[in-house]
Amino acid sequence: MGFEKFGRKSFTGMTKTGKFVDFLSEGKVEGTVCKKCGARYFPPRADCAACFSSDMDWFEMPKKGSLETFTIAYYAPYGFEKDCPYSMGVVDFGNNLKLFARLSSDLKPEDIKVGMDVSVRPVQYDDGQLSFEIVKV
Amino acid sequence: MPKDVAVIGVGQSYFVRGYEGSIRELAFEAFREAMQDAGITTKDVDASVFCSAPEYDKQRSPAGVLAEYLGLIPQPTFYIETVCSSSSTGVKVAYSMIKSGLHDVVVVLGFQKMSEITSAESQERMGRGADIQWEAPFGTMMPAYYALYAQAYMAKNGLTHEDLMNVRLKSATYGQINERAVYRKGVKPEDFDPKNPDARMAGLVAWPLRVGDACANADGSSCVILANAEKAKIFSKKPVWILGIGAASEAVNMASRPDFSKGLSVGYKAAEQAYKMAGVTPKDIKVAEVHDCFTIAEIMAYEGLGFAPMGEGKQLIREKATYKEGPIPVNVDGGLLSKGHPIGATGGSQIRTIVLQLRGEAGPMQVPGEPDIGLVHNVGGVGLYGNVTIFGR
Ligand SMILES: [Zn+2]
């Protein structure tokens with residue numbers, strides 16, 4: 001419940017990881033960690049594929065990573081046209097932990113480079129939707 | 001080298017924008033050609049498999065409807081989907097049905113009528129072929145996903161926009177001589193020049209990919225008829241055998257993907273299985289069809305299939321090694337870029353091209369030297385599903 005508030009436009013209403021959106025409103029970007037075997041997941045999962053446990057805890061994503069790759073969308077899918085152009089990328093935090101998100105809109109295209117140091121933070125849009133974005137550090 | 005299951009008939013519709021007919025009529029075009037190619041009647045067929053990406057059609061559960069229209073009832077029929085690689089997956093399933101002894105002759109029919117929805121709607125649906133819970137809310141789409149791979153690959157391996165353009169120039173060379181292709185026009189370097197006001201290919205879609213780096217939507221159908229060895233010898237003068245099949249899957253979310261600069265993992269994994277099963281190496285492949293939904297995808301496929309060392313795929317296009325006269329001809333039918341990419345029909349169309357090449361019947365696209373072994377590389381989604389199939393005479 002409440003997951004329709006996630007992202008520019010959500011396609012999922014109900015998920016057992018809905019608490020993720022509450023964490024965003026508290027200023028935190030969190031993944032899940034399996035209490036039984038310690039496997040860490042981002043994006044969050046309600047169930048552990050490594051040991052089949054559903055006993056999961058939340059952990060805050062690291063503050064510093066490296067931009068592994070990015071793109072700038074000059075053409076948007078249906079329903080996202082107003083945001084164009086916008087950039088999206090993958091952050092590698094090491095230890096098999098990565099994250100996919102939009103890059104902050106105050107980053108100019110010429111300032112975005114593969115390998116640059118980045119961080120991640122929650123963001124709230126004008127319509128109240130909650131998301132997270134990649135920022136330069 | 002196993003010779004248990006053969007392709008005895010292949011067919012393909014013209015790939016077009018805005019097909020003037022329904023999906024059953026579109027399917028019939030490829031089916032009729034494949035049946036006439038095999039020289040069999042519907043009584044000789046004992047099962048059918050239909051393949052597409054379901055978002056584009058209003059018809060639910062199309063297999064039954066199409067089987068009836070093609071005259072393939074009351075034989076068993078069902079539907080298979082792995083997005084852009086649906087019909088390669090269909091061929092893998094049909095191979096298993098025959099190899100198990102359950103069936104002797106199976107029709108695999110791939111189809112897609114993409115033109116019923118707008119390009120933007122189509123992008124939205126294709127975006128939802130990725131992770132709708134965690135990625136589509138950012139406004140993802142296919143070109144953006146492949147652009148992530150292109151950006152990482154270009155940064156690491158010194159691949160340039162000119163190299164990507166040269167992939168497009170190659171596909172256009174063959175699109176011009178393939179009468180079934182949707183894009184029959186030639187492409188010149190000035191079409192990619194951003195300073196040229198008339199440049200058709202230069203517009204940015206998802207940096208670093210431009211209009212000319214992307215394949216065209218199309219409507220189309222393809223048909224592959226498979227038979228066991230006994231039936232193949234009865235029906236076919238030139239059976240083309242399935243020597244090796246490989247298939248793999250990968251995490252849907254980009255956050256769970258390995259090193260982006262190394263290309264799509266499903267390509268390597270499927271290729272490794274197919275080579276092992278066939279008992280051949282990349283050097284034995286005389287002609288190949290690879291999944292060039294974007295120019296970058298062809299370069300990554302060169303490496304995934306072992307035609308070039310890691311990071312060196314660019315050399316093949318710089319040296320024109322993958323042209324028809326080169327040591328490893330790739331996509332000499334125009335590929336997805338020029339022939340077009342009617343999602344569910346694409347794998348079967350690639351297979352048809354290789355079968356015609358191995359039979360020496362590819363017309364103006366025929367590669368010299370009587371090729372005896374060919375390969376098809378067909379990817380679904382952004383490397384979500386990968387299929388590699390090796391064929392031999
Ligand atoms: Zn666990």
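**Entry 1: a sheet in chain A**

I began with chain A of this predicted model. Three of its strands make an open sheet, ordered β2-β1-β3, with antiparallel pairing. I noted that β2 (40-41) and β3 (56-60) of chain A are the edge strands, each with a single partner, so one side of each has no neighbour in the sheet. Strands here are DSSP runs of E, at least two residues, and helices are runs of H or I, at least four residues, numbered from the N terminus. Pairing needs at least two DSSP bridges between two strands. I then looked up β1 (residues 30-34) of chain A: five bridges join β1(A) to β3(A), antiparallel. Gly31(A) sits opposite Phe59(A) in β3(A).

**Entry 2: conventions and confidence**

I keep to residue numbers from 1 along each chain as its sequence is written, and to chains lettered from A and ligands numbered from 1 in the order written. Local features need pLDDT of at least 70, side-chain atom pairs count only at pLDDT 80 or more, and totals for chains, interfaces and linings use all residues, while side-chain values use heavy atoms, without hydrogens and water. The model scores ipTM 0.97 and pTM 0.97. Chain B has a mean pLDDT (the predictor's confidence in each residue, from 0 to 100) of 96, and 98% of its residues reach 70 or more.

**Entry 3: where B meets A**

I find 34 residues of chain B in contact (heavy atoms within 4.5 Å) with 38 residues of chain A. The buried area is about 3000 Å², and carbon and sulfur atoms give 70% of that. Buried area is the accessible area (1.4 Å probe) that two parts lose on being put together, summed over both. Trp134(B), Pro137(B) and Phe138(B) supply 26% of what chain B buries against chain A, more than any other three residues. On the side of chain B that touches chain A, α4 (119-127), α5 (142-157) and β5 (204-207) of chain B each give two or more residues. α5(B) gives the most, six residues.

Strand β4 (residues 65-73) of chain A and β5(B) run antiparallel, joined by two bridges. Ala73(A) faces Ala206(B) in that pairing.

**Entry 4: salt bridges**

One I looked up is Arg318(B) with Asp163(B), closest N and O atoms 2.7 Å apart. This pair links distant parts of the chain: Arg318(B) is in helix α10 (residues 313-318) and Asp163(B) in helix α6 (residues 161-175) of chain B, 155 residues apart.

Definitions and conventions
A salt bridge is a side-chain nitrogen of Lys or Arg within 4 Å of a carboxyl oxygen of Asp or Glu.
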